[in-house]
Amino acid sequence: MEKIKGIEQGDLLTFKTVDGNYRVIMCTETDKKSPQNFSFIALTYNSSEIPNEIEIRKESFWGCGTSKANYYKYSLEEQERMWTLHPEIKPFLIGGYNLIIWRKDFLKFRDRILKIGNLDIVNNIDKNGNYGINVSSWESLNNFFSVQIEIIFKDIGQKTFKIESIIKT
């Protein structure tokens, strides 16, 4: 497995959790000023096989319909795409549940993660979300996906949205 040297918006990263299945996170933003960090969203992919970009486009991610439309707007085309695929949120916008990973922490466990592609996604998914957590270690990332994900998301009302709803056309 080749070491990940850099992370950009839209990068798809997969890893095997303690249950033996692969999970996927997607970068929604990189903050390159010091100290550098990355915002990711959790995808619904959960399989014993390493995914590819084509499979991931059929998946969903965890997030919310948000009323912060006045702060971090999407283009009209981007909004219409979201509303076409998720009419239940209109007139609100889609935001992601953020997994924040600091670069210094990521470097400690990047050998366990594989970059599988990049999707051209809209900006501000991370800013239009309403929750997030710091994932500071390999153990916390694994624990999030194997133990916490269902409990946390049900408790705070996060839903799944199709990846296609945030991909630029």
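What share of the contacts between residues at least 6 apart in sequence join residues at least 24 apart in the protein chain? It comes to 76%, with contact taken as heavy atoms within 4.5 Å. The structure is a predicted model, in which local features need pLDDT of at least 70 and side-chain atom pairs count only at pLDDT 80 or more, while totals for chains, interfaces and linings use all residues. Residues are numbered from 1 along each chain as its sequence is written, and side-chain values use heavy atoms, with hydrogens and water left out.

On confidence, the protein chain averages a pLDDT of 89, and 96% of the residues score at least 70; pLDDT is the predictor's confidence in each residue, from 0 to 100. Strand β1 (residues 11-16) does best at a mean of 96, whereas helix α4 (residues 138-156) sits lowest at 81.

As for the fold, there are 4 helices and 9 strands, these being DSSP runs numbered from the N terminus (helices H or I, at least four residues; strands E, at least two). Read from the N terminus, the order is β-β-β-α-β-α-β-β-α-β-β-α-β. The C-alpha trace spans about 40 × 35 × 30 Å along its principal axes. The radius of gyration is 15 Å, which agrees with the value near 15 Å for a compact globule of 169 residues; the radius is taken over C-alpha atoms, and the globule rule is 2.2 Å times the number of residues to the power 0.38.

Of the 169 residues, 47% count as buried, where buried means under 20% relative accessible area, exposed over 50%, and partly exposed in between (1.4 Å probe, protein chains only). Charged side chains number 23 positive and 22 negative, and the centres of the two sets lie 3 Å apart. Lys and Arg count as positive and Asp and Glu as negative, with His and the chain ends not counted.

Two residues give a local view. His86 lies in the loop between α2 (76-85) and β5 (93-96), and counts as buried because its relative accessible area is 6%. Beyond four places in sequence, His86 touches Ile94, Thr160, Phe161, Lys162 and Ser165. Gly132, in strand β8 (residues 132-134), is partly exposed at 43% relative accessibility. Leaving aside neighbours within four places in sequence, Gly132 contacts Tyr97 and Asn98. Between Gly132 and Phe161 there are 16 Å, C-alpha to C-alpha, at a sequence separation of 29 residues.

Methods:
Charge placed at Lys NZ, Arg CZ, Asp CG, Glu CD.
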